[in-house]
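Open your viewer and get ready to click along. We will go from one selection to the next and look at what is there.

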Protein chains: 4
Amino acid sequence: MTEPSNVRVGIYGASGYAGQDVVEILTRHAHVELIFATSNTYKGDPVPFTTLHYISHDSADLSAVDVVFLALPHGVSADMAAQAHARNVKVVDLSADLRLETPEAYQQWYQHAHPHPELLPTPYGLPEINRANIIGKSVIAAPGCYPTTTLLGLYPLLRHRWMTPDAPVIVDAKSGVSGAGREPKPNLHFVEVFGNFSPYSPGRAHRHVGEIEQEMHKLDRDAGMVIFTPHLLPVDRGLMASIYVTLKEDVSADKAQDLYEETYGHEPLVTVLPRGHQATLRHVVRTNGAAISLTPIADRYLHITSVIDNLRKGAAGQAVQCFNLMFGFPETTGLL
Amino acid sequence: MTEPSNVRVGIYGASGYAGQDVVEILTRHAHVELIFATSNTYKGDPVPFTTLHYISHDSADLSAVDVVFLALPHGVSADMAAQAHARNVKVVDLSADLRLETPEAYQQWYQHAHPHPELLPTPYGLPEINRANIIGKSVIAAPGCYPTTTLLGLYPLLRHRWMTPDAPVIVDAKSGVSGAGREPKPNLHFVEVFGNFSPYSPGRAHRHVGEIEQEMHKLDRDAGMVIFTPHLLPVDRGLMASIYVTLKEDVSADKAQDLYEETYGHEPLVTVLPRGHQATLRHVVRTNGAAISLTPIADRYLHITSVIDNLRKGAAGQAVQCFNLMFGFPETTGLL
Amino acid sequence: MTEPSNVRVGIYGASGYAGQDVVEILTRHAHVELIFATSNTYKGDPVPFTTLHYISHDSADLSAVDVVFLALPHGVSADMAAQAHARNVKVVDLSADLRLETPEAYQQWYQHAHPHPELLPTPYGLPEINRANIIGKSVIAAPGCYPTTTLLGLYPLLRHRWMTPDAPVIVDAKSGVSGAGREPKPNLHFVEVFGNFSPYSPGRAHRHVGEIEQEMHKLDRDAGMVIFTPHLLPVDRGLMASIYVTLKEDVSADKAQDLYEETYGHEPLVTVLPRGHQATLRHVVRTNGAAISLTPIADRYLHITSVIDNLRKGAAGQAVQCFNLMFGFPETTGLL
Amino acid sequence: MTEPSNVRVGIYGASGYAGQDVVEILTRHAHVELIFATSNTYKGDPVPFTTLHYISHDSADLSAVDVVFLALPHGVSADMAAQAHARNVKVVDLSADLRLETPEAYQQWYQHAHPHPELLPTPYGLPEINRANIIGKSVIAAPGCYPTTTLLGLYPLLRHRWMTPDAPVIVDAKSGVSGAGREPKPNLHFVEVFGNFSPYSPGRAHRHVGEIEQEMHKLDRDAGMVIFTPHLLPVDRGLMASIYVTLKEDVSADKAQDLYEETYGHEPLVTVLPRGHQATLRHVVRTNGAAISLTPIADRYLHITSVIDNLRKGAAGQAVQCFNLMFGFPETTGLL
């Protein structure tokens, strides 16, 4: 391994929205040297914030770097992760390929065989929940934006098993359009999104349901199923998960505020808002943090609003947070 | 009463967003003569779509009209309703003043005594649910935008008592900014709303909760309480209620589609989308209708998306629909 | 020709933004029967506002209609116009193919030979300027959105030759995104447009310059060249041309208001705003009209703000206005 | 004067949009200690990015600071500048009060007598043009957002006297809504701005015309008058000035690119885009820089697009740039 002060980094898929933010964050990181940034679509164009130009995925030289960030489509990403890993290059994978722990789960949610089952299980890169398993590791699966927001919103309840067993966990989520990627598609055309608001993949259809439930059940085996509705929100960035849960009879919703403040009191990137305040996108957009607010109802139900910037704490920022843990840097280096 | 073909109409509060839409709709109504439109703020300015100019509330002549639409702040509206009623002028009240059936309920939700308890109870102007009580009446309380969306989304379940008794009804709602009125306020400044998304009055704090539960319990006394979170959405118009309910064990969520299609099959202003389609704001903005889509989950839970234009089916359009019923015109006159 | 009360209409390219608005307007037109609407991309999908389904261009039956509206890409459109014309089907062409009067001009601005020079010159479908040449004609070239806004803004000056010969006419124009078409492209992605504002094809590079100057010089041979900068505006609809001209020394900018009011006084679809008021997109969006405001400067220069809805007066509305003139209907049928 | 490493700063009007950005920038400035931030409206609320709370203007202690930033309404600001100056506290005034050099000019554009003519003339705080007069000074008048964009766009032409004497300089400008301030007003309501685009104070009515012409004529006494149209753009931040000028016959528009690159080649905060590229808001929003692109037309006319973030290079960023020059810090400290 190289000197901590000079980690050589390559970024695959650097022209996508998550990839762009990885570049931007790393240019301000004290211990990073950016070696290459790939983009098959924008090959040859200058890479914003740097003096580099995009190169194609194939022409990147893995032997020149210590670590790669993979902001690639799922399927493609696992191949690259395997190649890098084979050459002792560390990997922060922002795709979905390494998030599910078993090939069977992957087959179920992605409808095809996992391309590299030998990489599974990969440590799940949500530091506030799984920090100990990220430190010093070689390959990390950075979580999706919906799972990050949802799991941060539920973590104190899961950890202390406050939720009524088997009661459904309702997650009504709203994402800025950058969450859908940079590739032009009819439903992402400005005219289609402007003035509109629309749900998609509701119920249990969205692939992130598998990832959310996997991590929930590690913390609380009795937690109920997730009912999940993502919506496309007419803003560029930001993600809100509005979560509704039923608590056990022997706990009090009114004490959830204390539980959350205690759980997150030392987390530099998670803010629990004071009682009576509501988390909004404005709290987090263009930051690497999350914000959470709580509303107890009839002392039995809890409404949790959890927000992040989908490209930062939901993608690039969290990937860099994992990178810092992998290489032994202070966790928030480049992120505050 | 005048000839049906020539109802003389006055509009109070005609320069607000709901009032503007009442004017616009009525200028296209075949059986209406618009006599005056009041606005204390814009007194003297031309009234869009007409040759009138706004006059102050006080200078309007009740003896010149057969009916008034009241798009006034609550509190003020009841006074005007009482005055009009005393002179045999019919009233469609778009404010909250006459929606709650008892002075006690009003006191509870509005924290002051009802100014005209003798007007209560007033028929609730949601035709799809309460049509028989609106026809031919003299005073109607047009519902709020959140209750309209929510009640239309729940009506088939309520009517057939499909919901598990006492299970909470979760309503995660999103409203375009015109729902907050035209008066300038810090939180409605363009810069504050642009790129943002924010909850307000969550849990059971919003005044519309009282109105929603009142109407729910008329239809199904065992229905659970409403957990309600309104959000400010960065669009000008449109309202979505995302509703999550638990069904009784002896009914099947998968059959809800049939129930809704049957219930609304003959309603000209309510569209139940085909299975697998999702209701979006685009379906209803600038129309007088509602659209509803359904997602059954695990055959036990139902996710309902109900959308309207908050100024049309949520205010002005519905007020005109009531007006048509009061005066014996075809219900959708001026609305399609 | 058929009975005026029952013109049979086919629409090609009916799923694009302009085509959608042609459909919407014609469904409210008293003398139209809509026979088919084509879309190769959305073949089989229901056509909004109708009971039709889109069919492919090739499967449309020209013998079943009296007239076709062509909302097709340039190049493709001329072919279809020629086919329809050969079968005595009238044509309203919304593409650029028939707007330039000579094959040479077409070659210059579109860099390829005109596919059907025998159709040139085609009457230019801007009724306020060229009405006499549209009435009763068989093929009409409906103007582009930028030329319509610009020419309406300049027409009184051109007709009365008020502008200093050879002084440049500066047109700083701003268009809503629907003007760029429905096909997904990287620069039309919501995230790229949101919060941005950008010029494109500035100077004399945009193809509409040729069309604008052609029509200007018909009215005033001495008018100077056009300096034209279109911009992409982050709204769905609406177009503003901000025009700056130098007047002849013997005319007075302060009298331009009278000239415009006199010129447009009887035009039902053009509004000249009173002195001191400024035309905004809000004046025209979702209408078929134009609005114009004037600011004289130092009695020598004139700043003209001309606005339309790019899909209505800038495309579909104007096409229907031409259609009405071709078939002898009152000019604003279906448009007010 | 204090040690350069520890300048004590007070900010008046710190809750307005410009004031907020001054706070945000200064919290990242290596040589600043923020002592107080005033806001009469939000007195007592926490100041974002800091541990301070807003205090009222009156309760701020001038003796505790070395310099104040004044982000106050015009009229109020001059009073505070005079008070601070009297106590040897340096002043960066972001208001319009000190920008015009004579009491007569102030009277002409602001229609009332200047409250503190003894402060005039104050050095004009546009470093790229007036750097030498800012270094080490005690009171600086930071320019407005429209003048900054316009003057940066014209500076190379003015300095080298490339423009035809007396030919009008046309400035079609577009500003994000934050430029209109944080105070709620009817025309700044989200619903009024959303989907709209509107000119205001056109011709020579806007007060910034006086400021622009004053600075233009210092550089080129023969420059023509400014024809200026500001527009309200439906975005939160960003300002574009589209400038159209006539060049002298003996210079070539095609060589303007070289002139601009040469003039700004060493300026860290001004970017001249390569030939054929167009400056957009995206180039500058949330940065402290300006970007400029050029389009020569017929070798005689030049179209200049000049963009800034109205709250950064157009207000707070530029104020800090001046502050750095006043105190001898590297000019871009805290700004890159």
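Which domains does the domain assignment of chain A give? Select chain A and colour domain 1 (4–122) and domain 2 (146–310); the bounds come from an automatic or database domain assignment.

Before going on, a word about the model and its labels. This is a predicted model, in which local features need pLDDT of at least 70, side-chain atom pairs count only at pLDDT 80 or more, and totals for chains, interfaces and linings use all residues. Residues are numbered from 1 along each chain as its sequence is written, while chains are lettered from A and ligands numbered from 1 in the order in which they are written.

**Stop 1: between the domains of chain A**

Taken over C-alpha atoms, the centres of domain 1 of chain A and domain 2 of chain A are 27 Å apart. Their contact takes 10 residues from domain 1 of chain A and seven residues from domain 2 of chain A. Two residues are in contact here if their C-beta atoms, placed from the backbone, lie within 7 Å.

Now select helix 3 (residues 103–110) of chain A. With four residues, helix 3 gives the most to the side of domain 1 of chain A that touches domain 2 of chain A. Helices (H or I, at least four residues) and strands (E, at least two) are DSSP runs, numbered from the N terminus. By class, this side of domain 1 of chain A has six nonpolar, two polar and two charged residues. For these classes, Ala, Val, Leu, Ile, Met, Phe, Trp, Tyr, Cys and Pro count as nonpolar, Asp, Glu, Lys and Arg as charged, and the others, Gly among them, as polar.

**Stop 2: two helices in chain A**

Stay in chain A and select helix 5 (residues 145–159) and helix 7 (residues 208–219). At what angle do helix 5 of chain A and helix 7 of chain A pack? They pack at an angle of about 20°, with their axes 10 Å apart. The axes are lines fitted to C-alpha atoms, for helices over the stretch in contact, and angles run from 0 to 180 degrees between N-to-C directions. That angle makes helix 5 of chain A roughly parallel to helix 7 of chain A (angles under 35 degrees count as roughly parallel, over 145 as roughly antiparallel, 65 to 115 as roughly perpendicular and the rest as oblique).

Helix 5 of chain A passes helix 7 of chain A in a right-handed crossing. A crossing is right-handed if the near helix is turned clockwise from the far one by less than a right angle, and left-handed if anticlockwise. Show the side chains next: from helix 5 of chain A, the contact includes Tyr146(A), Pro147(A) and Thr150(A). Among those from helix 7 of chain A are His208(A), Glu211(A) and Ile212(A). The residues of this contact divide into eight nonpolar, two polar and three charged.

The axes of helix 5 (residues 145–159) of chain B and helix 7 (residues 208–219) of chain B come within 10 Å and cross at roughly 20°. The crossing of these two helices of chain B is right-handed.

**Stop 3: chain A meets chain B**

Show chains A and B together. How many residues of chain A are in contact with chain B? There are 35 residues of chain A in contact with 35 residues of chain B. To see where they sit, select strand 6 (169–176), strand 8 (226–233) and strand 9 (239–246) of chain A, which are among the elements that give two or more residues to the side touching chain B. That side of chain A divides into 18 nonpolar, 12 polar and five charged residues.

The superposition is by least squares on the C-alpha atoms of residues with pLDDT of at least 70 in both copies. The same surface serves both copies, as 100% of the contact residues of chain A recur in chain B.

**Stop 4: chain B meets chain D**

Now show chains B and D. Their contact takes 15 residues from chain B and 15 residues from chain D. Select helix 6 (residues 190–193) of chain B, which gives the most to the side of chain B that touches chain D, with three residues. By class, that side of chain B has nine nonpolar, three polar and three charged residues.

A rotation of 180° with 0.0 Å of shift along its axis superposes chain B on chain D (RMSD 0.0 Å). The two copies are thus related as by a two-fold rotation axis. To find that axis, click on Phe190(B): in chain B, its C-alpha is the nearest to the axis, 2.0 Å from it.

Finally, show chain B with chain C. These two chains do not touch, and their nearest C-alpha atoms are 9 Å apart. Chain A and chain D do not touch either, with their nearest C-alpha atoms 9 Å apart.
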